[in-house]
Amino acid sequence: MHVAYVTPRYGREVVGGAELGVRMLAERLVEHFGWQVDVLTTQALDLRTWANELPAGGRDEAGVSVHRFPTAAPRLADFDARGHALLSRPHRASVEDSREWVRWQGPHSPELIDAIAASPADLVVFYPYLYEPTVLGIERVRDRAVMHPAAHDEAPIRLPVFRDVFRAARGLVFQTYAEARFVNTRFDTAATRQLVVGLGSDPQPGEPGPARAALGLGDAPYLLSVGRVDDGKGTGVLARFFGAYKDAHPGPLKLVLAGPVVHRPDDHPDIVVAGIVDEAVKWGLLRDTVALVNASGFEAFSLVLVEAWHAGRPVLVNARCFATSEHCARSNGGLVFDDYASFVQAVDVLVADGALRIAMGAAGRAYVESEFTWPAILARYRAFLETVRARS
């Protein structure tokens, strides 16, 4: 089987997100099944600018044939301001206006679109739905198109341009049942061949002591957030909630924000903005945290929850995110919050009840071992792709 993935960014330099999901699947299809796997992407690393940073052309990366094409123009500096009026009432936008918004958002790469159309792959797999390579590329190969939407309930998905994008795919791969319900209800795609399958986790070495020392945590208890420090990911709200919590609950508890910093929160003596940490530090932090907190209201899966449960720790998530809330409900491995009062209540319980933390961590680990082991994921994914190819 010959599969080509289309994604805006790709490589080990890209931290988290849908792009990590592409790389995890692409490398394993080569390693486990010997398939020919291409990746068609841009030279960009930074989704805020789409600047061409990596070399153009093709190269082998862990057995995957990666082809990078230049972006023709950077994202406009006033992109957010331009799109504000459109996204405040997305259901009223015209198809032409919403296609223009997709162009503004980028990455705009005509060479990449031409390469998608010219790909000889049996299936062309788009991941995620949101960006121009998917919107324009899926039109060119719809008879052999599969899409991992990585969809959640956000304003852009209500733009009319995406109705045709979702309906063009011959196969849809979802990461949670909640995502599948949302997409099928919104776009009437229940008749499209589809699969619900998540991602696996690869626990790495990393001990709490060196991780604590690296961040100067001493022996203080801490909550941990892993991922982009970005208001769009909920970290701004998390920092404000935590600051208010500490004002009312003095003590040693800290909050660690580990990941690339887009929006730095206001300084606070008990908030540690660690920036990007290596895998050993990340796993050391996971293994000793009071709880892993994912405050984002817009996640399609959240691999870091799987990692926290692999480490035997409970999680705390935003109740407004249907994917992370589904994980907690199915696993009994975490708590949810939807406002400051419920955040305080959840943190109080997690800090005070060690037995509950252990029980939730164990329940989460059992959930992961039941649902998200790589052998089971890959067997189901392979069968799905082979079926879509046979019927296309």
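Mentor: With a definition: two strands pair if DSSP finds at least two bridges between them. Keep in mind that this is a predicted model.

Trainee: How do you know that S3 and strand S4 pair?

Mentor: Count the bridges. S3 and strand S4 (residues 64-69) share 5 bridges, in the antiparallel sense. The rule asks for at least two, so the two strands pair. Asp60 has Ser65 in S4 as its bridge partner. Gly57 stands opposite Arg68 in S4.

Trainee: What lies between S3 and S4 in the hairpin?

Mentor: A turn with 2 residues between the strands. Ala62 sits in that turn and has a positive phi of about 55°.

Trainee: What makes S3 and S8 edge strands?

Mentor: Read the order of the sheet: S3-S4-S2-S1-S5-S6-S7-S8. It is an open sheet of 8 strands with mixed pairing. Strand S3 (57-61) and strand S8 (193-196) each have a single partner strand, so one side of each lacks a neighbour in the sheet. Neighbouring strands in this sheet are turned by 20° against each other on average, direction ignored.

Trainee: Why is Thr7 called buried?

Mentor: The cut-off is under 20% relative accessible area. Thr7 has 0%, so it counts as buried. Thr7 belongs to the loop between strand S1 (2-6) and helix H1 (17-33). Its C-alpha atom is 7.5 Å from that of Val39, which is 32 residues away along the chain.

Trainee: How many disulfides does the structure hold?

Mentor: The count is 0.

Trainee: Are Cys321 and Cys328 buried or exposed?

Mentor: Buried. Cys321 has 0% relative accessibility. Cys328 has a relative accessible area of 5%.

Trainee: What makes a space a cavity?

Mentor: A 1.4 Å probe fits there but cannot get out. The count comes to 2 cavities of 30 Å³ or more. The largest cavity holds about 90 Å³ of space. Its lining has 13 residues, and Val196, Gly198, Arg330, Glu371 and Phe372 lie nearest its centre. Helix H12 (322-331) and helix H14 (354-371) each supply at least two lining residues. H12 gives the most, with 3 residues.

Trainee: How do the lining residues of the second largest cavity divide by class?

Mentor: Into 7 nonpolar, 3 polar and no charged. Gly198 is one of the lining residues, and Gly counts as polar. This cavity has a volume of about 40 Å³. The lining of the largest cavity has 5 nonpolar, 4 polar and 4 charged residues.

Trainee: Why is a pocket not called a cavity?

Mentor: A pocket is an open set of points, whereas in a cavity the probe cannot get out. The second largest pocket has a volume of about 260 Å³. It is lined by 20 residues, with Ala295, Ser296, Gly297, Asn318 and Arg320 nearest its centre. Helix H9 (residues 235-248) provides the largest share of that lining, 3 residues. By class, the lining has 8 nonpolar, 6 polar and 6 charged residues.

How values were computed. Residues numbered from 1 in each chain as written. Predicted model: local features only at pLDDT ≥ 70, side-chain atom pairs only at ≥ 80, totals over all residues. Heavy atoms only, no water. 1 Å grid on protein atoms, 1.4 Å probe; cavity = no way out; pocket = protein on both sides within 12 Å on 5 of 7 lines; lining within 4 Å. Points joined across faces, edges and corners; volume = space filled by probe spheres on them. Helix = DSSP H or I, 4+ residues; strand = E, 2+ residues; numbered from the N terminus. Disulfide = S-S within 2.5 Å. Buried < 20%, exposed > 50% of the residue type's maximum accessible area, 1.4 Å probe, protein only. Axes fitted to C-alpha atoms, helices over the stretch in contact; angles between N-to-C directions.
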